[in-house]
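This report goes through selected local features of one protein chain. Please keep the sequence and the structure in view while reading.

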Amino acid sequence: RIEQPVVIVVFGASGDLSKRKLIPALYQLAYQNLLPANFTLLGFARTPYTDDEFRELAREGVTQYSTAGFDEHLWRWFSQNLFYMSGNYDDLESFQALAKRLEELDAERNTGGNYLFYLATPPSVFKPITSLIAETGLCCRTSADHLRRIVIEKPFGHDLESAKDLNQHLLNLFDEDQIYRIDHYLGKETVQNILVFRFGNGIFEPIWNRNYVDHVQITVAETLGIGDRGGYYDKAGAIRDMLQNHMMQLLALTAMEPPVAFDAEDVRDQKVNALRSIRPLDPEEVDQWVVRAQYGPGVSEGQEIPAYLEEKGVDPHSTTETYVAWKTEIDNWRWNGVPFYLRTGKALAGKVTEINIVFRKPPLMLFANLIANPNTQVPPSNVLTLRIQPDEGIRLTFDAKRPGPAVNVERVAMDFSYSESFGKDPGDAYERLLLDAILGDTTLFIRRDEIEVAWERITRILNGWKMQEEKAAQAGKRLRLPRYAAGTWGPKEADELLARDGRYWRNPH
Ligand code: BG6
């Protein structure tokens, strides 16, 4: 439970993120009785609303998206702590009015001058908002006696240079420990459990390396198309939307060395080391390592999905990828020679996020001819699957003798399921992250160097693609990306990427 009083100022409070995630997450914290008695939220956005209109919007968010359901009694308490003001993100007067409103709220509600500023806005206004917060003295380095923090959503930059520039801007105004860069994947229970699973048990870590692991696959698959997010997505693509942030985090947690202690700096030091060990790609060789594609029309989970190029807000000649697969290597002692294959896409055959650690085959395949398997090559049978979502759990696959007089070998599994073992599904990522931001724990937030090294590796891929586009333009041609039908597991080029290494994607069942 948070004892410290605090006002959470949400910039972009009238938007989607606030309605779908932030307000429901705070309500869920209230449901668990984790919020302080005088908890206060002040929404700030351009749209003019009264407090009551904002509360109505929040009510819709809670009824639609809260995992704790809706309780009228709790809602009455919760909603009276919600306030709203409208203003412009780049206007000094609006921020002076904000400062005044915060003073009033402080006096009325005894919130002790503690402010958590949450930037749930488009990235184009990150700089003006933070400049004005500093200029009006609402948050600055010297605010040490009060809680003054900035939580900043993704996208954090669109390439290495812009990420560095934003970091520099923020660090000119605030201290690193006041800046909370969010990646909501780190708030997921199953993602945090990667560390507990690896370093809280004695039996997995000794085989978590090149001597036993053949390769690693990380899949983040989604069934929906881009829907009405075309305007944003066409500028981002799968690489910026998912790979640079969420998937790099999954990779870092899977590959990192044990931290000295379980605290923010030690954990993040090791993640940075893992990211720095990712082999830098030569942009000229991008096609050897990366596949990008766009969805064509199809049906996913019973829903008709149009071709990406026909989606609203998408340039009909767009070369933005809705799917990306990346083969990479981690050049350190633990992982040398073990490829990591990452893939993510929209409009795929299933919604699933999982990490597969595929172990090597036994040195001598005594039973190879007894396995009924359509693949001509016998694939390694031992796979440890960390299922991040849905059906959160962990599964170990191995071969067993089917009962009977003959030796018939069949693939079986040992399963751990969160809901069966703990009697409930893991909570929402934003609950945990909001709690940590208020409590001042930065372990699950991204440090400056972490974001920059992730961008450095990703920008190499972007540069490779840029070169291809320039070449095509010079030849008077238009680049056309490979296609995959919506509702499938992606383009054939991605299958080929693994087939070249004698491997294949483990598609979830
Ligand atoms: C967001 C992306 O960061 O993550 C979305 O912008 C994506 O495109 C979402 O759908 C996936 O999050 P989750 O928690 O549903 O896996």
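## A nonpolar surface patch

A nonpolar patch is made of residues with over 30% relative accessible area and no salt bridge, whose nonpolar side chains are joined within 5 Å. The model shown here is predicted. On its surface, Leu364, Leu366, Phe367 and Val407 form such a nonpolar patch, and together these residues have about 420 Å² of accessible area.

Valine 407 belongs to the loop that runs between strand E15 (393–402) and strand E16 (408–417). Its relative accessibility is 39%, so valine 407 counts as partly exposed.

## Backbone features

Most residues other than glycine have a negative phi, and most peptide bonds are trans. The residues below depart from one or the other of these patterns.

Lysine 154 and proline 155 are joined by a cis peptide bond, with omega at about 0°. Proline 155 sits in the loop between strand E5 (148–152) and helix H6 (160–173). Another cis peptide bond joins glutamine 389 to proline 390, with omega at about -15°. Here the proline lies in the loop between strand E14 (383–389) and E15.

Asparagine 33 is not a glycine, yet has a positive phi of about 60°. This asparagine is in the loop between helix H1 (16–31) and strand E2 (40–45). Alanine 347 also has a positive phi, near 55°, and is placed in the loop between strand E12 (339–345) and strand E13 (352–359). With a relative accessible area of 0%, alanine 347 is buried.

## The cavity

How many cavities of 30 Å³ or more does the structure hold? There is 1, and the space in the largest cavity is about 50 Å³. Helix H7 (189–199), E14 and E15 are the elements that each give two or more residues to its lining. The largest share, 4 residues, comes from H7.

The lining includes Thr190, Asn193, Ile194 and Phe197, as well as Leu386, Arg387, Ile388, Gly393, Ile394 and Tyr418. By type, the lining residues divide into 6 nonpolar, 3 polar and 1 charged.

## Salt bridges

Side chains of opposite charge can pair when their charged atoms come close. In this model the count comes to 34 salt bridges. One of them pairs glutamate 72 with arginine 59, with the closest N and O atoms 3.3 Å apart. Because glutamate 72 lies in helix H3 (residues 72–79) and arginine 59 in helix H2 (residues 51–65), the pair ties together parts that are 13 residues apart in sequence. Glutamate 72 is partly exposed at a relative accessible area of 37%, and arginine 59 is partly exposed at 26%.

Arginine 279 and aspartate 331 also form a salt bridge, with their closest N and O atoms 3.0 Å apart. This pair links distant parts of the chain, 52 residues apart: arginine 279 is in the loop between helix H9 (264–276) and helix H10 (286–289), and aspartate 331 is in the loop between strand E11 (323–329) and E12. Arginine 279 counts as partly exposed at 33% relative accessibility, as does aspartate 331 at 36%. A further salt bridge joins the side chains of glutamate 456 and arginine 457, at 2.5 Å from N to O. Glutamate 456 is partly exposed, with a relative accessible area of 21%, whereas arginine 457 counts as buried at 11%. Elsewhere, salt bridges that share partners join Lys154, Glu222, Asp241, Lys346 and Lys351 into one network.

Methods
Residues are numbered from 1 along each chain as its sequence is written. This is a predicted model: local features need pLDDT of at least 70, side-chain atom pairs count only at pLDDT 80 or more; totals for chains, interfaces and linings use all residues. Side-chain values use heavy atoms; hydrogens and water are left out. Patches are made of residues with over 30% relative accessible area and no salt bridge: like charges are joined within 9 Å, nonpolar side chains (Val, Leu, Ile, Met, Phe, Trp, Tyr) within 5 Å. Accessible areas come from the Shrake-Rupley method with a 1.4 Å probe; for residues, only the protein chains shown count as cover. A salt bridge is a side-chain nitrogen of Lys or Arg within 4 Å of a carboxyl oxygen of Asp or Glu. Buried means under 20% relative accessible area, exposed over 50%, partly exposed in between (1.4 Å probe, protein chains only). On a 1 Å grid over the protein atoms alone, a cavity is a set of points where a 1.4 Å probe fits but cannot get out, and a pocket is an open set with protein on both sides within 12 Å along at least five of seven lines; lining residues have an atom within 4 Å of a point. Grid points are joined across faces, edges and corners, and a volume is the space filled by probe spheres set on the points. Ala, Val, Leu, Ile, Met, Phe, Trp, Tyr, Cys and Pro count as nonpolar, Asp, Glu, Lys and Arg as charged, and the others, Gly among them, as polar.
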